[in-house]
Amino acid sequence: MLDAGAELEAALRPLTWPDAELVVGGGNYLRMGGTWVYTATRQPVPGAEDVTFGRRYSGAPRASRDDGEVVLLDRDWLEGPDARPELRWCIPLATLGGPSATVEVPVDEVVARSAVVVGLWAPELDPAALLTASAIARLLGVTRSTVNAYHARQQMPPPVATLNQRVPLWTRPVIDHWAARQTRRRRPVH
């Protein structure tokens, strides 16, 4: 039987990329052999670092109960559009407390999964560095509606994040690689 950490790692392993350990950022980044790479090029992501379960949830509020200490997780992280895949194992716990904005998870359960890699951090993912459709339009010399059309028709990489469920955001390296491929495809062959 798998321990809690190994069970979570297995649950997060992507079925569509059998050689990958984890896929994040809308599918634009893969973790392979302990290294983060771009999905499109398999080139290493500069400055990439693992985000572990423990690191991601280290700031979550805690509370003491009669049966021990618990971590309080936002219920929206377990269900709905903001659901986080690494928290699926908490869903049964959400039914125990009744209607509440938070779900109480025993600290021991969180600690047992603390070393599992659940995400990626890289300088290009800094919120200030992310690109909107307008910024991409300026880079490409097209209108924002053209970029929105590419996105709607899935003719460009998926966004790495979406702000407020309606503003897609991309990283510069992902867009640069995609734009370079589009330019190469459109060049006349001599």
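**Group meeting: cores and a loop in a predicted model**

Contact here means heavy atoms within 4.5 Å.

Before going on, the background. This is a predicted model, in which local features need pLDDT of at least 70 and side-chain atom pairs count only at pLDDT 80 or more, while totals for chains, interfaces and linings use all residues. Residues are numbered from 1 along each chain as its sequence is written, and side-chain values use heavy atoms, with hydrogens and water left out.

Now the core around that cysteine. A nonpolar core is a set of buried Ala, Val, Leu, Ile, Met, Phe, Trp, Tyr and Cys residues joined through side-chain atoms within 4.5 Å. Buried means under 20% relative accessible area, exposed means over 50%, and partly exposed is in between, with a 1.4 Å probe and protein chains only. The largest core has 30 residues, and those touching the most other members are Tyr 29, Trp 36, Phe 53, Leu 73, Leu 87, Cys 90 and Val 105. Elements that each supply at least two residues of this core include α1 (4–12), β6 (68–74), β7 (102–106) and β8 (117–121). The largest share, three residues, comes from β8. Apart from this core lies another, of twelve residues, among them Leu 131, Ile 136, Ala 137 and Val 147.

Next, the chain as a whole. It has seven helices and ten strands; these are DSSP runs numbered from the N terminus, with helices being H or I of at least four residues and strands E of at least two. The C-alpha trace spans about 75 × 35 × 25 Å along its principal axes. Of the 190 residues, 35% count as buried. Among contacts between residues at least 6 apart in sequence, 53% join residues at least 24 apart.

On charge, there are 21 positive and 21 negative side chains, and the centres of the two sets lie 16 Å apart. Lys and Arg count as positive and Asp and Glu as negative, leaving out His and the chain ends; each charge is placed at NZ of Lys, CZ of Arg, CG of Asp or CD of Glu.

Last, the loop between β9 (161–163) and β10 (167–169), where Asn 164 lies. Asn 164 has a positive phi of about 55 degrees although it is not a glycine, and at 57% relative accessibility it counts as exposed. Gln 165 lies in that loop between β9 and β10 too. Phi of Gln 165 is also positive, near 60 degrees, and Gln 165 is exposed, at 55% relative accessible area.
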